Amino acid sequence: MDLSSLDTATNTAVMEVRHPVTGEPLLTDDDLPISITLLSSDSDEYETAMHDAQRSAARAAAQTDGIADPAGTTRRAIAVLVRCIVGWENIIVDGEDLSYSRSNAGTLLTKVRFIREQVSKFVANRANYLEDSKGES
């Protein structure tokens, strides 16, 4: 077996946004699927974002005598996930169609926590990025 066939570093996958309680795929009022296109946790972008977050955490700890800042931890986690988002379809927040940008991705993941949780779990699951596994996870 060629192990490179299991490398998900350059793959993207589309995550259907799901209702936080029922797990049903969410749709717009026009019955269009709400989805987010994501890089995997094996991607160079994810690894770079993690390194940036770790450097930021180390700087913050040095400035606060090692006292952790939970809000800073959350901001860094969001920043990592934002860098994994490469696009989306049909995202509506506060009645407005939210066009994809990194800034808007940060806003989305900050405001809509259940989406942040879904993105985090999806990005970490390699099966979502392997052709043979899609639809089975």
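Predicted model: local features only at pLDDT ≥ 70, side-chain atom pairs only at ≥ 80, totals over all residues.
Two rings of Phe, Tyr or Trp (its six-membered ring) count as a pair if their centres lie within 6.5 Å, and as edge-to-face if their planes are over 60 degrees apart.

**Entry 1: rings**

I went through the aromatic side chains with that rule and got 2 aromatic pairs. One is W88 with Y100, edge-to-face, with 5.4 Å from centre to centre and 90° between the planes. This pair links distant parts of the chain. I found W88 in strand β3 (residues 85-89), and Y100 in the loop between β5 (96-97) and α3 (102-111), 12 residues apart.

Then I looked at F122 and Y129. Their ring centres are 5.7 Å apart and the planes sit at 70°, so I call this pair edge-to-face too. Both F122 and Y129 are buried.

**Entry 2: the whole chain**

I stepped back to see the overall layout. The protein chain has 4 helices and 5 strands. Going along the sequence, I read the order as β-β-α-α-β-β-β-α-α. The C-alpha trace spans about 50 × 50 × 25 Å along its principal axes.

How much of the chain is buried? Out of 137 residues, 33% count as buried. I also looked up the accessible surface, which comes to about 8600 Å², with 50% of that belonging to carbon and sulfur atoms. For contacts with a separation of 6 or more, 59% are between residues 24 or more positions apart.

**Entry 3: strand β1**

In a regular strand, the side chains alternate between the two faces of the sheet. I wanted to see this in strand β1 (residues 12-16), and the side chains do alternate there. A13 and M15 point to one face and are buried.

Which strand pairs with β1? I found strand β2 (residues 35-39), antiparallel to β1, with 5 bridges between them. I picked V14 to follow across, and its bridge partner in β2 is T37.

**Entry 4: Q118**

Next I clicked on Q118, which is in helix α4 (residues 113-124). Its relative accessible area is 16%, so I logged Q118 as buried. What does Q118 touch, leaving aside its neighbours within four places in sequence? I listed M15, E16, V17 and R18.

**Entry 5: salt bridges**

Side chains of opposite charge can pair when their charged atoms come close. I searched the whole structure and got 8 salt bridges. I wrote up some of them.

E16 and R18 meet through their side chains, 3.0 Å from N to O. E16 is partly exposed, with a relative accessible area of 37%. R18 is partly exposed as well, at 34%.

E45 forms a salt bridge with R102, and the closest N and O atoms are 3.0 Å apart. E45 lies in helix α1 (residues 44-63) and R102 in helix α3, so this pair ties together parts that are 57 residues apart in sequence. I have E45 at 25% relative accessibility, partly exposed, and R102 at 43%, partly exposed.

D94 forms a salt bridge with K111, where the closest N and O atoms are 2.3 Å apart. D94 is exposed, at 62% relative accessibility, while K111 is partly exposed, with a relative accessible area of 47%.

Which residues do shared partners join into one network? I traced E45, D52, R55, R83 and R102.

**Entry 6: a patch on the outside**

Last, I looked at M1, L3 and L6. They form a nonpolar patch on the surface, and together they have about 390 Å² of accessible area. M1 sits in the segment before β1. At 78% relative accessibility, M1 goes in my notes as exposed.

Key
Residues numbered from 1 in each chain as written. Heavy atoms only, no water. Helix = DSSP H or I, 4+ residues; strand = E, 2+ residues; numbered from the N terminus. Buried < 20%, exposed > 50% of the residue type's maximum accessible area, 1.4 Å probe, protein only. Contact = heavy atoms within 4.5 Å. Phe/Tyr/Trp six-rings, centres within 6.5 Å; stacked < 30°, edge-to-face > 60°. Pairing = 2+ DSSP bridges. Salt bridge = Lys/Arg side-chain N within 4 Å of Asp/Glu carboxyl O. Patch = residues over 30% accessible without salt bridge, like charges linked within 9 Å, V, L, I, M, F, W, Y side chains within 5 Å. Areas by Shrake-Rupley, 256 points an atom, 1.4 Å probe, with all protein chains shown as cover.
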